[in-house]
Amino acid sequence: MDLSPLVATSLESSVGNSAGIMAPGMLPGKSHGTCGRDSSTSRKKTRHFSLGCGRSSLGLYATGTSIYSMEMVVDTNMKLYTPGPVHVAPDTLAVMSKHCDTHRSSWYSDMHEHCENLLQELMFTENQILLGAFTGTGFMEACVTNLLGKDDTGLFVSVGAFGKRWTSIARGHGKEFDILEFEMGKAAKADKIKEILERKEYATVFIQFNETSTGIRNPLEEIAPVVKDSGALLCVDAVSGLGGMKLEVDELGIDVCLASTQKCLAVPPGIALCSISEHALEKSKTVGNRGYYLDFMVLMKKAPKHQTPTTIAVPLVRALEYKLGKIIEEGVEQVFDRHSKMAEMTWKWANDAGFEIFPEEGHRSSTVSTIANNRNIDVAKFVKVLLDKGYRIVNGYGDLKGKTFRIGHMGDLQPDDMEELFGVMDETLVEI
Ligand SMILES: Cc1ncc(COP(=O)(O)O)c(C=O)c1O
């Protein structure tokens, strides 16, 4: 629940002459509840807000007509097993809360450059890295607007909801495209893509590395060579895979590989990143009507200074630098192994509990598991009861709602965290 309207009402009242009593630490006009819920017993007058950082003070809010008591509840025990945004560790939050210099300072440039280097290591690339104060969809849109000219056709390879997002973006920009869709739960097949590419010329092929709605990991090691042979550029959405599964950008010849911070990197949402090849940059120069904010040429202007053309979310970049450092310190291979182990544990739990795994074998994601609801349980209730116990998993995405549920095992989660969840899920399945 967003607290803003409540605060605004109270402020208006206090300007108008009633007292507005602020809870300690609250800022006027700011929302202080991120996932609050109404108290079921006194819905109209008393609202409890979960803040995610420990039980804090009780505040009273007086308006002209009612008194709201706001118990600031911190869900230190709330554990997110989500496919993003994921749990952000207290040390990462602490890094974000430090004072920052501006995005035009050498202090910032050094930090940005360090992020570039760490991301190059994680992505196995020497390509230019770009950061932006938006989310992954921003770079998806940038790829469509920069890599498809007026005489070009794009090929969108879709294995789920995020694959279809390319088409919404392209329609919005009046771009020509074809879509090659694979059945939900199945991975994209290189031979089918090859067939299409042999029939028609495409400027750029767009695909997901990890389709978060179905839990499919596309076999890019088979698909990338086929795309490269055709002469098309290859744009990969690695939003829910980067940092959880190995993706060798240069080895595969990926021209743009994009991601966001709120998934395996375990940083709050708000920064998107991509690697971009010389070929993609050359192509962008030839495309008209690229806009401004997401124009690769504009984004590249400040690249030599390791800065962004517009103001970036500096505290988030600080958190990103910190988390990337942690990933490198753990060892990228170890991080990938940890994710793969958690995925295997999850599939075993699901099978033992009588569920099937929705995505086809051999192409399952290491970062999110989509579990088929072949037991026909009430998924919404299952999710809700788990939530009441302090564990958040999520329902199926879009058309798969109720038919599947998803368990994220990405970011900072450890095998022990998974064991803990399995125990609670077993107990809950008996109860519901
Ligand atoms: C595979 C995939 N692509 C794109 C997106 C959109 O990313 P963002 O929400 O960062 O814009 C998501 C978000 O969940 C995703 O999972």
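Helices (H or I, at least four residues) and strands (E, at least two) are DSSP runs, numbered from the N terminus. The model is a predicted one, in which local features need pLDDT of at least 70 and side-chain atom pairs count only at pLDDT 80 or more, whereas totals for chains, interfaces and linings use all residues. Residues are numbered from 1 along each chain as its sequence is written, and side-chain values use heavy atoms, with hydrogens and water left out.

**The whole chain**

Of its 432 residues, 56% are buried; buried means under 20% relative accessible area, exposed over 50%, and partly exposed in between (1.4 Å probe, protein chains only). The chain exposes about 18,800 Å², of which carbon and sulfur atoms supply 50%. Such areas come from the Shrake-Rupley method with a 1.4 Å probe, and for residues only the protein chains shown count as cover. A contact means heavy atoms within 4.5 Å. Among contacts between residues at least 6 apart in sequence, 68% join residues at least 24 apart.

Select Ala343, which is placed in helix α12 (residues 332–352). Ala343 has a relative accessible area of 0% and is therefore buried. Which residues is Ala343 in contact with, leaving aside its neighbours within four places in sequence? They are Ser365, Ser366, Ser369 and His409. Display Met410 as well: Ala343 and Met410 are 67 residues apart in sequence, and their C-alpha atoms are 9.2 Å apart in space.

Next, select Ala353, in the loop between α12 and β15 (356–357). Its relative accessible area is 14%, so Ala353 is buried. Apart from neighbours within four places in sequence, Ala353 is in contact with Arg375, Asp426 and Leu429.

**Helix α13**

Move to Asn376, in the loop between β16 (368–372) and α13. Asn376 has a positive phi of about 60° although it is not a glycine. At 66% relative accessibility, Asn376 counts as exposed.

Now select α13 itself, residues 379–388, where Val379, Phe382, Val383, Val385 and Leu386 are buried. Seen down the axis of α13, these buried residues fall within an arc of 165°, so they line one face of the helix. The arc is that of the directions from the helix axis to the C-beta atoms.

Just after α13, Gly390 takes a positive phi of about 100°.

**The ligand**

An oxygen atom of the ligand is 2.6 Å from an N or O atom in the side chain of Thr135. For the side chain of Thr137, the corresponding distance from a ligand oxygen to an N or O atom is 2.5 Å. Lys263 has a polar side-chain atom 2.5 Å from an oxygen atom of the ligand. Taken alone the ligand exposes 380 Å², and the protein buries 89% of that.

**Helix α5**

Select residues 161–172, helix α5. Its buried residues are Phe162, Gly163, Trp166, Thr167, Ile169 and Ala170. At 1.5 Å a residue, the 12 residues of α5 should span 16 Å, and the end C-alpha atoms are 17 Å apart, which agrees. The expected span is 1.5 Å times one less than the number of residues.

**Two backbone features**

Most residues other than glycine have a negative phi, and most peptide bonds are trans. Where is Phe124 found? Phe124 is in the loop between α3 (106–123) and β6 (128–132), and has a positive phi of about 55° although it is not a glycine. Finish at the peptide bond from Gly84 to Pro85, which is cis, with omega near -5°.

Conventions:
A polar contact is a pair of N or O atoms within 3.5 Å; within protein, one must be able to donate a hydrogen and the other to accept it, and residues adjacent in sequence count only if both atoms are side-chain atoms.
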